[in-house]
Amino acid sequence: QVQLVESGGGLVQAGGSLRLSCAASGRTFSSYAMGWFRQAPGKEREFVAGIKYSGAYTNYADFVKGRFTISRDNAKNTVYLQMNSLKPEDTAVYYCAADPLYTGLGSANYWGQGTQVTVSS
């Protein structure tokens, strides 16, 4: 069983930055692929970024490439999402997810409760 707790959301002006964190319970964090997803009001949840077990492989949705960076610290059981050059359309609830298979992140076994990110224009 893995429990995920996100933090770091908030209100920021367009062009600003935020860093989201997702702390995971358990002693096998490095055996889980991790991902960040988001859901805006009235829209479906969408993939933002993913990272494999050691952190050597990362992948991003096109709409965040060059602006967001996903990373993980396996010693701290934490995955991060550094978000720069934020835009109003980045406003959403951001969720982290964990799954033993990277390809399973979209329907991951474990999800956090979400953290709200609001970008004002």
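Contact here means that heavy atoms lie within 4.5 Å, and under this criterion Glu6, leaving aside its neighbours within four places in sequence, is in contact with Ser21, Cys22, Trp36, Tyr94, Tyr95, Cys96, Gly112, Gln113, Gly114 and Thr115. The model is predicted, with local features requiring pLDDT of at least 70 and side-chain atom pairs counting only at pLDDT 80 or more, while totals for chains, interfaces and linings use all residues. Residues are numbered from 1 along each chain as its sequence is written, and side-chain values use heavy atoms, with hydrogens and water left out.

- Glu6 lies in strand E1, residues 4-7, where strands (E, at least two residues) are DSSP runs numbered from the N terminus.
- Glu6 is buried and yet has no salt bridge, the nearest side chain of opposite charge being that of Arg45, 9.5 Å away; buried means under 20% relative accessible area, exposed over 50% and partly exposed in between, with a 1.4 Å probe and protein chains only.
- A salt bridge would require a side-chain nitrogen of Lys or Arg within 4 Å of a carboxyl oxygen of Asp or Glu, and for charge Lys and Arg count as positive and Asp and Glu as negative, with His and the chain ends not counted.
- A polar atom of the Glu6 side chain lies 2.9 Å from the backbone nitrogen of Gln113, and a polar atom of that side chain lies 2.8 Å from the backbone nitrogen of Gly114.

**Thr115**

- Thr115, a residue of strand E11 (residues 115-120), counts as buried because its relative accessibility is 10%.
- The side chain of Thr115 has a polar atom 3.2 Å from the backbone nitrogen of Gly9, and the residues that Thr115 touches, not counting those up to four places away in sequence, include Glu6, Leu20 and Tyr94.

**The sheet containing E1**

- Four strands form an open sheet in the order E1-E3-E8-E7 with antiparallel pairing, two strands being paired if DSSP finds at least two bridges between them.
- E1 and strand E7 (68-73) stand at the edges with a single partner strand each, so one side of each is left without a neighbour in the sheet.
- E1 pairs with strand E3 (residues 18-24) in the antiparallel sense over four bridges, and the bridge partner of Leu4 in E3 is Ala24.

**Positive phi in loops**

- Most residues other than glycine have a negative phi.
- Asn77, in the loop between E7 and strand E8 (78-83), has a positive phi near 55° and counts as buried at 16% relative accessibility.
- Ser85, in the loop between E8 and strand E9 (92-99), has a positive phi near 50° and counts as partly exposed at 41% relative accessibility.

Note on methods:
Polar contact = N/O pair within 3.5 Å; in protein donor to acceptor, adjacent residues only side chain to side chain.
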